[in-house]
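Reader: I would like to learn how to read this model one feature at a time. Could you begin with the general idea each time and then turn to the case at hand?

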Amino acid sequence: MPEADLSILNRVYEIILNRKENYDENSYVCKLLNHRKGMNKILEKVGEESIETILAVRNEDHKEIVSESSDLIFHLLVLLAANNVTLDEIAAELSARHEKMKRD
Ligand SMILES: N=c1c2ncn([C@@H]3O[C@H](COP(=O)(O)OP(=O)(O)OP(=O)(O)O)[C@@H](O)[C@H]3O)c2ncn1[C@@H]1O[C@H](COP(=O)(O)O)[C@@H](O)[C@H]1O
C-alpha cells in the first residue's frame with residue numbers, strides 16, 4: 001500500500017477540474033461530466049454509492065466500508081467540481097462550525 005494522506009483529496013479534485021476543461025474520451029470523469037443525463041447522472045452515482053456504503057456498514061464489512069466510502073467521496077468530489085464548489089469552501093465551512101461548537 002503506498003503512503004497516503006488527505007492531500008489526495010486535493011490532488012483528485014484538481015484532476016477533476018482539469019477534466020472539466022480538457023475532454024478525454026478515455027476518462028471516466030469526462031464521461032460523467034458529459035453524460036446525456038447531465039447532472040442527474042452524477043446525482044445517481046452519489047445516491048448509489050451512499051446506499052452501497054450503508055449496506056457495507058450493515059454487513060459490518062470493514063474492507064467494503066473503506067471501498068464504498070472511497071467511491072462515495074470520489075463521486076462527491078465530482079459533484080462539487082461540477083457545481084463550482086471548491087474544497088476550500090468546504091474546509092472553511094467545517095472550520096467555522098468547529099470554532100463555533102468546540103468545547104474545552
Ligand atoms: N478515484 C477515482 C475513482 N473511483 C472510482 N472510479 C470509477 O468509478 C466507476 C463507477 O464505479 P462503480 O462501482 O459504480 O462501477 P460501475 O457499475 O461499472 O459504474 P457505472 O456503469 O454505473 O458508471 C468505476 O468505473 C471506477 O473505475 C474512479 N475513477 C477515477 N478516480 C480518480 O479520478 C482520476 C481521474 O480519472 P479519469 O477521469 O478516469 O482519468 C483518477 O486518476 C483517480 O484518481
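Author: Let us begin with the length of a helix, for which the expected span is 1.5 Å times one less than its number of residues. In this predicted model, helix α3 covers residues 39–58, which is 20 residues, and its first and last C-alpha atoms lie 29 Å apart, close to the expected 28 Å.

Reader: Which residue follows α3 with a positive phi?

Author: That residue is E60, whose phi is near 50°.

Reader: How many helices and how many strands does the chain contain?

Author: The chain has five helices and zero strands, so that the pattern read along the sequence is α-α-α-α-α. Taken along the principal axes, the box filled by the C-alpha atoms is roughly 50 × 35 × 30 Å.

Reader: How should I read the packing of two helices?

Author: Two packed helices are described by the angle between their axes and by the distance between those axes. For α3 and α4 the angle is about 160° and the axes are 8 Å apart; because angles over 145 degrees count as roughly antiparallel, α3 is roughly antiparallel to α4. The crossing in which α3 passes α4 is left-handed.

Reader: Which residues make that contact, and how do they divide by class?

Author: The residues on the α3 side include M39, I42, V46 and V57, while those on the α4 side include I65, L72, L76 and L79. By class, the contact of α3 with α4 holds eleven nonpolar, four polar and six charged residues.

Reader: What are the angle and the axis distance for α1 and α4?

Author: Those two helices pack at about 50°, with their axes 10 Å apart, which makes α1 oblique to α4, and their crossing is right-handed. From α1 the contact takes L9, V12, Y13, I16, L17 and K20, and from α4 it takes F74, L77, V78 and A81. Nine of the contact residues are nonpolar, none is polar and one is charged.

Key. Residues numbered from 1 in each chain as written. Predicted model: local features only at pLDDT ≥ 70, side-chain atom pairs only at ≥ 80, totals over all residues. Helix = DSSP H or I, 4+ residues; strand = E, 2+ residues; numbered from the N terminus. Axes fitted to C-alpha atoms, helices over the stretch in contact; angles between N-to-C directions. Parallel < 35°, antiparallel > 145°, perpendicular 65-115°, else oblique. Left-handed = near helix turned anticlockwise from the far one by under 90°. Contact = placed C-beta atoms within 7 Å. Nonpolar A, V, L, I, M, F, W, Y, C, P; charged D, E, K, R; others polar.
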